Amino acid sequence: MKHSMMKLASSDRLFVLTGAGISAESGLATFRGSGGLWNGHRVEEVATLEAWDADPELVWRFYSMRRRDALAVEPNAAHIALARIEEKLGDRFYLCTQNVDDLHERGGSRRVHHMHGSLFQSRCVRCDKPFADQSFYETAAALPMCNNCGAPVRPHIVWFGEIPLDLDSIYAPLDRATVLLVVGTSGSVYPAAGFVHIARQRGIRTVYIGPEEPANAEAFSEVILGTATEVLPTLF
Ligand SMILES: [Zn+2]
């Protein structure tokens with residue numbers, strides 16, 4: 001490990017991408033891209049528009065369980081370290097996460113872009129406007145309907161085959177960044193796995209932190225092997 005290499009200058013602009021690893025260190029199973037099973041279902045069978053059309057009750061039971069799981073865990077030292085860095089850098093800091101839980105917010109981060117959606121938001125399939133929602137919907141009778149139009153309400157989650165949220169607002173800060181810091185992602189889920197290639201083309205410094213090399217390790221200028229909770233608090 002070469003922690004000392006990672007020093008920020010006062011003029012640096014930091015773009016941070018976080019993934020499943022940082023939530024896993026709080027004890028949270030993240031499912032997406034992990035090949036994990038839930039009640040005998042592959043995640044691809046409960047996290048797609050096709051699954052929603054076929055069995056919205058099953059989909060809501062899955063996301064209700066994930067809400068329960070997320071509410072039962074706490075942010076860890078890595079979440080808190082990122083919030084402290086944001087405090088120092090202000091608008092020279094941008095946090096984009098692939099995670100749908102709210103651990104970054106609870107750890108003190110103020111500006112978080114959830115590119116794969118938010119576990120604690122739902123939206124009407126017709127009105128399409130996300131709203132805060134911590135409820136559990138676990139029976140057919142409990143399935144939520146829109147107060148405005150009566151259409152079904154779905155999780156505000158980017159399912160397999162759907163396009164990540166507001167990509168344009170991600171690429172602008174990536175363009176301005178001087179350092180890209182990627183934490184705890186497998187490097188196999190696109191478009192996020194491609195951020196490092198965009199950054200390299202622009203000559204931006206690229207740093208990876210995780211316990212194992214990511215699939216796209218060769219694209220990074222620095223790979224720091226270690227858990228996010230070990231490494232992040234020591235970096236700045
Ligand atoms: Zn509606």
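Where is the place of Tyr171? Tyr171 sits in helix H6, residues 167–176 (helices, H or I, are DSSP runs of at least four residues, strands, E, of at least two, both numbered from the N terminus). Before going on, keep in mind that this is a predicted model, where local features need pLDDT of at least 70, side-chain atom pairs count only at pLDDT 80 or more, and totals for chains, interfaces and linings use all residues. Residues are numbered from 1 along each chain as its sequence is written, and side-chain values use heavy atoms, with hydrogens and water left out.

Back to Tyr171: its relative accessibility is 27%, so it counts as partly exposed (buried is under 20% relative accessible area, exposed over 50%, partly exposed in between, with a 1.4 Å probe and protein chains only). Leaving aside residues up to four places away in sequence, Tyr171 touches Pro191, Phe195 and Ile198 (contact means heavy atoms within 4.5 Å). Gly161 is 10 residues from Tyr171 in sequence, and their C-alpha atoms are 20 Å apart.

Now for the zinc ion. Its protein donors are the SG atoms of Cys124, Cys127, Cys146 and Cys149, at 2.2 to 2.4 Å (donors are N, O and S atoms within 2.8 Å of the metal, or 3.2 Å for Na, K and Ca; water is not among the atoms, so sites may look incomplete). Along the chain, the donors follow C-x2-C-x18-C-x2-C. Cys124 lies in strand S6 (117–124) and Cys149 in the loop between strands S7 (130–132) and S8 (153–157), so this pair ties together parts 25 residues apart in sequence. Cys124 is buried at 2% relative accessible area, while Cys149 is partly exposed at 31%.
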